[in-house]
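Colleague: Could you walk me through this model? I have some quick questions about it.

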Amino acid sequence: MDDSNSSAASRIVEISHELQAIAACGKQYAKNQFDIEHFDSVNKLAAELLTLAVNDMPLESAVKLFEDNEGYQTPKIDTRAVIFNERDEVLLVRDYDGKWALPGGWCDYDQSIVSNTVKEAYEEAGLRVKPLRLAAAHSHKMRNNPNSFFSVMRFFMLCEVESGEFTANSETSESAYYPVDALPSDLNSHKATPEQIKRCLLCWKDPSMMPEID
């Protein structure tokens with residue numbers, strides 16, 4: 001695909017998302033059934049538009065993607081536990097997709113940034129951690145994947161380990177500490193890039209450093 005086609009496809013995705021957001025917000029505040037049906041039609045057209053830009057996406061998948069994200073459209077929240085050892089190596093876990101990543105995931109509806117960081121660190125790394133401070137709050141579109149359909153804000157929390165040890169589970173198969181300047185080649189950069197991890201190390205070593213917020 002040449003640059004012009006790629007640019008056109010990206011713009012179609014943007015328009016599709018904008019229409020989906022309008023339809024979802026419209027349904028949220030609709031006063032009667034006629035309005036709800038009107039916004040449902042807009043939502044289906046937006047889904048069809050998305051399939052024109054993403055060739056391998058069936059219409060049913062696009063419709064389900066939109067239906068699973070109803071209501072007023074806000075960024076999704078992702079938290080990451082950033083844990084360094086005494087040698088300033090960072091803890092990574094091998095995720096369900098076979099790639100390495102910082103322990104973390106979507107913030108559940110009943111969790112705060114801090115409590116979700118604690119929960120994910122225990123579930124994925126088997127560690128009970130104490131979040132100390134925020135290193136960064138980054139936009140997924142700006143830092144990790146500009147082609148991401150939905151907007152995500154990722155919170156990198158510096159943590160210290162209180163207890164625990166890794167046990168293989170349904171989400172992760174192993175854990176290991178890596179030097180920040182020698183991260184694995186199969187690092188999942190959609191969840192944390194080498195630059196983001198290096199930034200977290202600088203913040204870890206300098207408690208006076210302010211968090212970087214997009």
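Colleague: What should I know about the model before we start?

Modeller: This is a predicted model, in which local features need pLDDT of at least 70 and side-chain atom pairs count only at pLDDT 80 or more, while totals for chains, interfaces and linings use all residues. Residues are numbered from 1 along each chain as its sequence is written, and side-chain values use heavy atoms, with hydrogens and water left out.

Colleague: How many helices and strands does the protein chain have?

Modeller: The protein chain has 6 helices and 8 strands. Helices (H or I, at least four residues) and strands (E, at least two) are DSSP runs, numbered from the N terminus. In order from the N terminus, the elements run α-α-α-β-β-β-β-α-β-α-β-β-α-β.

Colleague: And what does the C-alpha trace span along its principal axes?

Modeller: About 60 × 45 × 35 Å. Of the 214 residues, 42% count as buried; buried means under 20% relative accessible area, exposed over 50%, and partly exposed in between, with a 1.4 Å probe and protein chains only. Among contacts with a separation of 6 or more, 67% are between residues 24 or more positions apart. Contact means heavy atoms within 4.5 Å.

Colleague: Which strands form the open sheet?

Modeller: There are 3 strands in the order 3-2-7, with antiparallel pairing. Two strands pair if DSSP finds at least two bridges between them. Strand 3 (100–101) and strand 7 are the edges, each with a single partner strand, so one side of each has no neighbour in the sheet.

Colleague: What about the hairpin of strand 2 and strand 3?

Modeller: There are 4 residues between the strands, and Gly-98 takes a positive phi near 90 degrees.

Colleague: Is strand 2 mostly covered or mostly open?

Modeller: Mostly covered, with 6 of its 7 residues buried.

Colleague: Which residues touch the most other members of the largest nonpolar core?

Modeller: Val-82, Phe-84, Val-90, Leu-92, Leu-102, Phe-156 and Ile-197, out of 19 residues in that core. Strand 2 (89–95), strand 5 (127–139), strand 6 (152–164) and helix 6 (194–205) each supply at least two residues of this core. The largest share, 4 residues, comes from helix 6. A nonpolar core is a set of buried Ala, Val, Leu, Ile, Met, Phe, Trp, Tyr and Cys residues joined through side-chain atoms within 4.5 Å.

Colleague: Back to Val-90: what does it touch?

Modeller: Not counting residues up to four places away in sequence, Val-90 touches Val-82, Ile-83, Phe-84, Leu-102, Ala-176, Tyr-177, Tyr-178, Val-180, Leu-183 and Ile-197. There is also a second, separate core of 11 residues, including Ala-47, Leu-50, Ala-53 and Phe-66.

Colleague: Now the helices. At what angle do helix 2 and helix 3 pack?

Modeller: Helix 2 (residues 33–53) and helix 3 (residues 59–67) pack at about 130 degrees, with axes 8 Å apart. That makes helix 2 oblique to helix 3. Angles under 35 degrees count as roughly parallel, over 145 as roughly antiparallel, 65 to 115 as roughly perpendicular and the rest as oblique. Axes are lines fitted to C-alpha atoms, for helices over the stretch in contact, and angles run from 0 to 180 degrees between N-to-C directions.

Colleague: Which residues make that contact?

Modeller: Helix 2 uses Asn-43, Ala-46, Ala-47, Glu-48, Leu-50 and Thr-51, and helix 3 uses Leu-59, Ala-62, Val-63, Leu-65 and Phe-66.

Colleague: Which way do strand 5 and strand 6 run?

Modeller: Antiparallel, joined by 11 bridges, with Arg-133 opposite Leu-158 in strand 6. Strand 5 and strand 8 (residues 212–213) run parallel with 2 bridges, and Ala-136 has Glu-212 in strand 8 as its bridge partner.

Colleague: Last one: where is Asn-169?

Modeller: In the loop between strand 6 and strand 7 (172–179). Asn-169 is partly exposed, at 28% relative accessible area. Leaving aside neighbours within four places in sequence, Asn-169 is in contact with Glu-123 and Glu-124.
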